[in-house]
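Please look over the structure shown here together with its sequence. The briefing below is arranged by topic and is meant to be read alongside both.

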Amino acid sequence: NMPTTEVPTELVVDGKVALLDLLTLGKLAPSRSEAKRLVMQGGVFIGDEKAASFSQTIDADTLKEGVIIRKGKKVFHRFITK
């Protein structure tokens, strides 16, 4: 079963959530700087798409349906908002 993290509403800014916030929230990275490094090394995927940039954001509407973020080859995590 895939670990799922509910995204608190305070992380949603202007209808978007920062990718780095999600990575640290879901414990996929211990800190924002580690999260940034992971993305820059190409180790983070949003769905099947490689994360283009560490400043990438995810739409709040998309998060309502749930977004799957993958770290490396094996670590999958679902993020969702209420």
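Predicted model: local features only at pLDDT ≥ 70, side-chain atom pairs only at ≥ 80, totals over all residues.

**Nonpolar core**
- The largest nonpolar core holds 19 residues, of which Leu-19, Leu-22, Leu-23, Val-44, Ile-58, Leu-63 and Ile-69 touch the most other members.
- At least two residues of this core are supplied by each of helix H1 (19-25), helix H2 (32-40), strand E3 (44-46) and strand E6 (67-71), and the largest share, four residues, comes from H1.
- Leaving aside neighbours within four places in sequence, Ile-58 is in contact with Gly-15, Lys-16, Val-17, Leu-19, Leu-22, Ile-46, Leu-63, Val-67 and Ile-69.

**Helix H2**
- Ala-35, Leu-38 and Val-39 are buried in H2, and because they cover an arc of only 95° around the axis, they lie on the same side of H2.
- Ser-33 and Met-40, on the other side of H2, are exposed, whereas the buried residues of H2 pack against H1, E3 and E6.
- Gly-42, which follows H2, has a positive phi, near 80°.

**Start of the chain**
- Met-2 is found in the segment before strand E1 (4-6), and it counts as partly exposed because its relative accessibility is 26%.
- Not counting residues up to four places away in sequence, Met-2 touches Ile-68, Phe-76, His-77 and Arg-78.
- Although Met-2 and Arg-78 are 76 residues apart along the chain, their C-alpha atoms are separated by 6.8 Å.

Conventions:
Residues numbered from 1 in each chain as written. Heavy atoms only, no water. Buried < 20%, exposed > 50% of the residue type's maximum accessible area, 1.4 Å probe, protein only. Contact = heavy atoms within 4.5 Å. Core = buried A, V, L, I, M, F, W, Y, C linked by side-chain atoms within 4.5 Å. Arc of directions from axis to C-beta.
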